[in-house]
Each structure stands twice: as C-alpha cells, then as structure tokens.
Amino acid sequence: MAEAFPGIKRIAYEGPKSKNPLAFKHYNPDEVVEGKKMRDHMRFSVVYWHTFRNPLSDPFGVGTAIRPWDDGGNSVENARRRVRVAFEFMEKLGAPFYAFHDRDVAPEGATLAESHRNLDAVVGVLKEEQRRTGIGLLWGTACLFAHPRYAHGAATSCNADVFAYAAAQVKKAIEVTHELGGDGYVFWGGREGYSTLLNTDMRRELDHLARFLHMAVDYRKKIGFRGQFYIEPKPKEPTKHQYDSDAAACLNFLREHGLMGHLKLNIETNHATLAGHTMQHELETAIAAGALGSIDANTGDTLIGWDTDQFPTDVYLTTQVMLSILNMGGLTTGGVNFDAKVRRESFEPVDLFHAHIGGMDAFARGLKIAAAIRADGRLAEFVKGRYRSWDTGVGKEVESGSASFESLEEYVMAKGEIAANESGRQEFLENLINEFI
Ligand code: XUL
Ligand code: CO
C-alpha cells in the first residue's frame, strides 16, 4: 500500500529553537523527568473516531476532510485499509497508544452477528499492525449512541430489548479489547440521560445502568480481562442531562451501587468545563476518591457552549493537569488520550500532525513546568503550612476522631476568640506559578 502521508517522516524532537512545524519542540520521549521517561509519564493516545472517522461536518454543512486513502464507503475493505493508515500516522507521530469505539474501526452490519464478523475482520488487521509497530490499545469502548435503536439510551433505555442489545454489543467490545491486549475499557454514557423528566423513571433507569455495569464487571472477570474499567463523566450533549454529569455524580453513583473499586474515572477537559468546573477540579475530585484513571485531553472554547473537542494548547491548563497527575503519583493504566478533532477548516491530512504535535508539546511543557514547581517546593510547602493547625492539638483530635462537640466547646470556652486567620495568598501563588510558565 502506498504511503498515506508521503513526505512526512517520523516526527523528531528538535528542541525549543526549532522552527520546523513537523518536529517536537518539547516532547522528547526519552527525556527523564522525575525519574521517568516522558513517554511513560504521558502515555499519549490517538483517538480513532476523530482522527480517522470524522469527516469534519457540522450541523450546517457536510464534511470537508480530504482523506485520499478513504473511499468514503462503509465496506470492511475500506475499514481494513484505514487501519494501515492509522498505524502509519501513529508510527510517524510516535504515539504509543490509540483508542477506539467498536463502530469506528468496523462497519455496523444488518445484524449483530454481521457486526461481530465485520469487527473480527478488522481486529485481525489491528492486531497485525499493533504487533508490527509496538503501538498498544489504551482502551476500547462501544458506540452505544449513534444507531437509532439507542435514541432513548442504551443501558438506561425504556426498552428492555435495547438494554439486551447494548449488553451484547459491549460483551463483544470487551472481548476484542481483551484480544488486542487493551489496558482499559471506557464506559461513556452516550445517551444515558434524559431530554425530559416527563417521560422518565429516573430511579429505574439508574438501577438498570448499575445492573449493566455489574454484568460488565462479572463478564470481565469471567474472561480474565485485566484492563482497567473507566467511566467518563459528561453533563450534557447529546441529552439535556447525562447521568454521569461530573466526577462527583459518577463517584456517588459508583458508591451507591457497589461499583467503587471496579471502575475509575476518565476525565475529559471539555466535559469538565461543560459541567461548570475546571479540569483541575474534576481531577482533584477523582484523585481525592482514589479513582483517577485516565484523561481525555482536549479543550473547549470559552465562547462556544458545546463540546468543541479542540486540541489542548494552553500551557497553563496542561501545567495544572500534570501537577495533579504528578502529585497523585502518575498514571498507571491510563494515558493522555487526545479526544480532540481538527477544525472543519483544517481539512488537509497534514493538519492531523500539526494538531497532535501541538497537543503533545503542550503536555510536555506542562510536565516540565509541573516538575519544576514540585522541585522548587514552595507551592506544596505553602499548602502544607496552611493546614498546620491540624497536625497537633485540637486539629489532630478532630482528624483522629477523638474530639466531640462537647470537647470542642470546652476547648473554645477556655481559649476564647480565634486569635488570627492568615491570608490565603492567592495572588502570591498565582505569581509563583507564572515564575515557571
Ligand atoms: C464524547 C466522548 C466520547 C468518549 C468515548 O463526548 O468524549 O468520545 O470519550 O465514548
Ligand atoms: Co472523551
């Protein structure tokens, strides 16, 4: 097969002074930061859906993407050819991982059996290309939102037959993820939510969703799939309210239904901001529960209120993300997965390279800056010092559980009014961060 990206060689690290748009200025995979290679810190992953299946259409117009290798048809042959192109791209980019939905890689058939067969026919090529290149599957997932059968949701559909169909589809998607040695499997609740509560039995739908996830956990054990399960929060779009609206809602759901420990969270920046939170807030919420697994790296647009899935280029953002990840002790099964798409106006194949190189460089800078902030130590020291009243005396008694309302009343009666609070020093800390950016 002829090269799909002729003239583009393996993207090399050329350093910050390079003016070559097809080179990394900051991402140097073998460079060691805090005792670990950059490639292992980030575990970059390319998404199949946006990078190889998105025609770049929008609600006002058809796709603009120029993809000479793709005949635009829905044949298995086209799907198999596309795999070769995807791996050429990822190999040239130097991305160690990728992620897919079942229906991104292979066409849906007229029956479930035909869809399974189509998937198997493409998985064979994926396997071959993984072996040839050493590129691994970060996670697999099932598309439970595109087909009309999922109009009312999948696991939360009012129609039990749809629930069954979704279960059968996910069963197969977990099997192929396992077959491809995937490090994880994602549950993003596509249409698991509602458009109006007038027609919705919320209690019942949530119970069904929990039952679905328990079945997935049981099946994963049964077939010996050891990859990590993730749930991906998103507040709205396509439905008005998605049940997995944010990290806190997901954690509450997992706890309520006995699923904590079975699933971690896959946090996406644009979903965080749609939920009215910062990415850092969502990460810290997940980390506090010991449940941050992976991230979908992208960004929204402050002036557009939907999931624009843009490539991350804001170094302040990537610094915050990497600071949280380093403080947590790093990613293990998870990675920095570019759930991002080029703009409709960026329709040439080379734009796919520019986009990913930019995202990888932005994260490499974020990593280096976060490591420098940690080495400096002033930020962590400030936060630790701010809570020092909890390390001894009455604070320690509260934290250890030995204090009560009575003991605290006695303490305050003897002590009198609070002597002094200290400044939170927000501006001082903001300036401190900027010293490193
Ligand atoms: C949708 C989204 C999904 C998930 C995987 O907004 O983020 O692509 O990441 O289903
Ligand atoms: Co995502």
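Proline 238 is located in the loop that connects strand 10 (228-232) with strand 11 (241-242); helices (H or I, at least four residues) and strands (E, at least two) are DSSP runs, numbered from the N terminus. This is a predicted model, in which local features need pLDDT of at least 70. Residues are numbered from 1 along each chain as its sequence is written.

The bond between glutamate 237 and proline 238 is a cis peptide bond, with omega about 10°. Most peptide bonds are trans, and most residues other than glycine have a negative phi.

Two further loops contain residues with a positive phi. Arginine 43, in the loop between helix 1 (38-42) and strand 5 (45-47), is not a glycine, yet its phi is about 50°. Arginine 43 is buried, at a relative accessible area of 13%; buried means under 20% relative accessible area, exposed over 50%, and partly exposed in between (1.4 Å probe, protein chains only). Aspartate 309 occupies the loop between strand 13 (292-296) and helix 11 (315-328). The phi of aspartate 309 is likewise positive, near 50°, and this residue is buried, with a relative accessible area of 6%.

Turning to the whole protein, there are 16 helices and 14 strands. The radius of gyration is 24 Å, close to the 22 Å that the globule rule gives for 437 residues, so the protein is as compact as a globular protein of that length. This radius is taken over C-alpha atoms, and the rule is 2.2 Å times the number of residues to the power 0.38. Of the 437 residues, 49% count as buried.

Technical notes:
Chains are lettered from A and ligands numbered from 1 in the order in which they are written. This is a predicted model: local features need pLDDT of at least 70, side-chain atom pairs count only at pLDDT 80 or more; totals for chains, interfaces and linings use all residues. Side-chain values use heavy atoms; hydrogens and water are left out.
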